[in-house]
Amino acid sequence: MYHISEFAMSAQLQPSSGRCPIDHARDDRKSASAAQGGLLAAPEVTSFDAVRAVLRDTDARQAGFKAEVILRYRGRARPPILYLHGEAHRRQRSGTARFFTPRVVETRYRDLMERTSDALLARLVRDGSADLDRLSLEMAVTVAAEIVGLTESDIAGMSRRLDAFFSTTFQTGRGKFAELMSFVLGQWRMRRFYAKDVKPAIAARRAAPREDVISHLLSEGYTPLDILTECFTYGAAGMVTTREFITMAGWHLLERPELRAQFLAADADGQIAILEEILRLEPVVGTLYRHVEGGTVALDIRAANGDATAVGTCPHALDPERVRAPRVTGPGLAFGDGEHRCPGAGVALHESAVFLDRLLRIPGLKLERAPDVGWNPLVAGYELRNCRLVVDPT
């Protein structure tokens with residue numbers, strides 16, 4: 001158990017040796033300016049080892065992502081897996097873990113990733129232009145929908161419905177009236193998502209169960225309302241965040257020819273290593289919250305991933321060959337840690353690698369317009385929009 005005052009301690013990791021690609025002040029982060037506008041609603045924890053310690057603390061409880069509102073007003077509905085704790089979380093996590101193993105990703109989902117990438121990029125080549133963020137959303141929704149079981153509706157339509165709900169464009173302004181309108185609009189969009197996407201999937205799985213999350217939830221006695229809340233959880237975690245990361249990684253690779261060449265020349269493990277370094281530098285979810293003894297703390301993932309004692313010299317430079325401290329993984333804490341570490345980390349990295357490898361091999365592909373960078377306060381992370389790609393074979 002940790003007390004808030006203990007989080008003021010300095011990092012205990014030993015500084016790792018390493019080289020600095022250009023200069024110590026180099027900063028390759030594209031989302032840093034947007035992140036500076038995010039307001040933290042709790043005392044801040046920034047060092048790598050302190051953040052990791054809280055994430056691994058079995059007594060710390062999930063906070064943020066509107067946990068308090070959902071847990072207070074859920075009625076008879078079960079809380080989604082994101083908010084479960086202890087034995088209840090372990091039981092549900094073990095029940096769904098089989099959908100995210102490396103073997104399952106390779107044998108069951110890789111073909112879908114390749115087919116979806118080919119179809120989306122054929123459309124890009126045919127039309128001559130497209131927004132990378134829209135392509136990546138459809139890619140992420142298609143893959144996550146297969147894993148969850150949301151396969152009885154139109155993918156493009158579901159992409160629009162989820163985008164409308166989770167994007168900051170969902171916010172209608174400030175003040176009590178704006179909050180009320182946002183709530184009403186959110187309820188309408190949630191009901192629409194249920195009617196168009198979730199309800200048909202439930203009916204299909206009741207008639208013929210499959211190897212997916214919805215079938216598992218039905219076998220566990222989950223009600224339609226329970227399943228709806230789980231689908232929104234997976235919608236945010238498995239679809240929306242992956243969309244942002246694919247766009248961010250593509251932006252970095254398109255603007256740096258040497259990095260693009262390195263990525264295309266690398267084997268599968270090498271490509272994943274480059275993507276992990278980009279994710280370390282640009283974590284999609286910038287802040288996590290936990291209830292600990294003494295109150296709630298804000299875990300600054302961006303700061304922890306830039307802690308030189310953990311990730312080596314020049315922590316804000318994009319360097320896939322950097323030397324990290326022992327037991328510090330490639331993406332740092334971008335996927336979280338402890339019992340709530342993202343179960344779909346492998347899925348997100350592999351589908352990103354498959355899509356970007358095919359994208360970057362298109363002859364004449366250029367970045368016509370860098371994306372607008374916004375900030376989503378719900379997930380304390382960046383949003384990238386209007387990232388325009390053009391294909392000019394000449």
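Author: Two strands count as paired if DSSP finds at least two bridges between them. The structure discussed here is a predicted model.

Reader: How many bridges join strand 7 to strand 8?

Author: Strand 7 covers residues 372-376, and strand 8 covers residues 381-385. Together they form a hairpin with four residues between them, and A380 in that turn has a positive phi of about 50 degrees.

Reader: Which residue of strand 8 stands opposite N376?

Author: Strand 8 is mostly covered, as five of its five residues are buried. Within this strand, the residue that stands opposite N376 is G381.

Reader: Which strands stand at the edges of the open sheet of four strands?

Author: The four strands of this open sheet follow the order 1-5-4-2, with mixed pairing. Strand 2 (61-63) is joined to strand 4 (residues 287-292) by three bridges, and these two run antiparallel; in strand 4, R290 is the bridge partner of Q62. An edge strand has a single partner strand, so one side of it is left without a neighbour in the sheet, and this holds for strand 1 (44-45) and strand 2.

Reader: How far apart in sequence are the parts that the pair of F100 and Y234 ties together?

Author: This is one of two aromatic pairs in the structure, and it is stacked, with 6.5 Å centre to centre and 10 degrees between the planes. Both F100 and Y234 are buried. F100 lies in the loop between helix 4 (86-96) and helix 5 (102-127), whereas Y234 lies in helix 10, so the parts tied together are apart in sequence by 134 residues.

Reader: Is the pair of F193 and F232 stacked or edge-to-face?

Author: F193 lies in helix 8 (residues 176-207) and F232 in helix 10, so this pair ties together parts that are 39 residues apart in sequence. Both F193 and F232 are buried. Their ring centres are 4.8 Å apart, and planes over 60 degrees apart count as edge-to-face. The planes of these rings stand at 70 degrees, so the pair is edge-to-face.

Reader: What is the relative accessible area of H89?

Author: H89 lies in helix 4, and, leaving aside its neighbours within four places in sequence, H89 is in contact with I81, L84, E339 and H340. H89 and E339 are 250 residues apart in sequence, yet 8.0 Å apart in space, C-alpha to C-alpha. Buried means under 20% relative accessible area, and H89 is buried, with a value of 2%.

Reader: Over which ring does the charged end of K30 sit?

Author: A charge counts as sitting over a ring only if, among other conditions, it is within 6 Å of the ring centre. The charged end of K30 is 4.6 Å from the centre, and the ring belongs to W251.

Key: Residues numbered from 1 in each chain as written. Predicted model: local features only at pLDDT ≥ 70, side-chain atom pairs only at ≥ 80, totals over all residues. Heavy atoms only, no water. Phe/Tyr/Trp six-rings, centres within 6.5 Å; stacked < 30°, edge-to-face > 60°. Buried < 20%, exposed > 50% of the residue type's maximum accessible area, 1.4 Å probe, protein only. Lys NZ or Arg CZ within 6 Å of the ring centre and 35° of its normal. Contact = heavy atoms within 4.5 Å.
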